[in-house]
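Trainee: I am new to this structure and would like to work through it step by step. Could we take a look at it together?

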Amino acid sequence: MLAYAADLGLFVWLRGPVGLDPLTAKALSFVAGCSVAYAGNALGTYRHTAARGPRQYLIFFAVNIAGALVQLLCIAVSHYGLGFTSQRADTVSGAGIGMALATVLRFWGTRTLVFRGVRGVRGEGRVGSWTG
């Protein structure tokens with residue numbers, strides 16, 4: 001949630017008061033959100049993984065680039081293809097629709113490719129139930 005807030009807040013600020021075009025604003029806000037998300041995953045959700053470091057971050061970053069491309073595609077289609085050029089339309093297409101689609105891709109990639117050695121994430125070695 002914090003990564004989403006960093007991404008959205010920076011996007012709105014870069015697109016509004018700073019006056020950047022929507023694709024540049026989204027690309028820059030993505031880098032900030034990605035870094036916050038990695039820190040949260042590595043230090044929180046997947047803190048029990050054996051290896052952390054540059055390689056794991058690079059894979060995480062690659063998965064998130066794929067997610068960002070989904071968001072950028074949504075903005076590009078809305079802004080340039082459909083002609084919805086307002087700041088609100090850019091926010092809805094990039095941070096709403098694009099983020100929802102990208103979240104599915106990022107969840108799968110993070111769980112499968114980045115933190116795959118975590119006990120219980122893929123069902124191996126799970127102790128107890130899903131609820132507690």
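What follows is a conversation about the salt bridges, the pocket and a surface patch of this predicted model.

Trainee: How many salt bridges are there by the rule used here?

Mentor: The rule asks for a side-chain nitrogen of Lys or Arg within 4 Å of a carboxyl oxygen of Asp or Glu. Lysine 26 and aspartate 7 meet it at 2.5 Å, N to O, and arginine 15 and aspartate 90 meet it with their closest N and O atoms 2.8 Å apart. The count therefore comes to 2 salt bridges.

Trainee: Which helices hold lysine 26 and aspartate 7, and how many residues apart in sequence are the parts that the pair ties together?

Mentor: The side chains of lysine 26 and aspartate 7 meet in a salt bridge. Lysine 26 belongs to helix 2 and aspartate 7 to helix 1, so the pair ties together parts of the chain whose separation in sequence is 19 residues.

Trainee: Which helix gives the largest share of the lining of the largest pocket?

Mentor: The largest pocket, with a volume of about 550 Å³, is lined by 21 residues, and Ala3, Ala37, Asn41, Thr103 and Arg106 lie nearest its centre. Two or more lining residues come from each of helix 1 (2–15), helix 2 (22–45), helix 3 and helix 4 (87–114). The largest share, 8 residues, comes from helix 2.

Trainee: Is leucine 73 buried or exposed?

Mentor: Leucine 73 lies in helix 3 (residues 54–81), and together with Val77, Leu82 and Phe84 it forms a nonpolar patch on the surface, with about 410 Å² of accessible area together. A residue counts as exposed when its relative accessible area is over 50%. Leucine 73 has a relative accessible area of 55%, so this residue is exposed.

How values were computed: Residues numbered from 1 in each chain as written. Predicted model: local features only at pLDDT ≥ 70, side-chain atom pairs only at ≥ 80, totals over all residues. Heavy atoms only, no water. Patch = residues over 30% accessible without salt bridge, like charges linked within 9 Å, V, L, I, M, F, W, Y side chains within 5 Å. Areas by Shrake-Rupley, 256 points an atom, 1.4 Å probe, with all protein chains shown as cover. Helix = DSSP H or I, 4+ residues; strand = E, 2+ residues; numbered from the N terminus. Buried < 20%, exposed > 50% of the residue type's maximum accessible area, 1.4 Å probe, protein only. 1 Å grid on protein atoms, 1.4 Å probe; cavity = no way out; pocket = protein on both sides within 12 Å on 5 of 7 lines; lining within 4 Å. Points joined across faces, edges and corners; volume = space filled by probe spheres on them.
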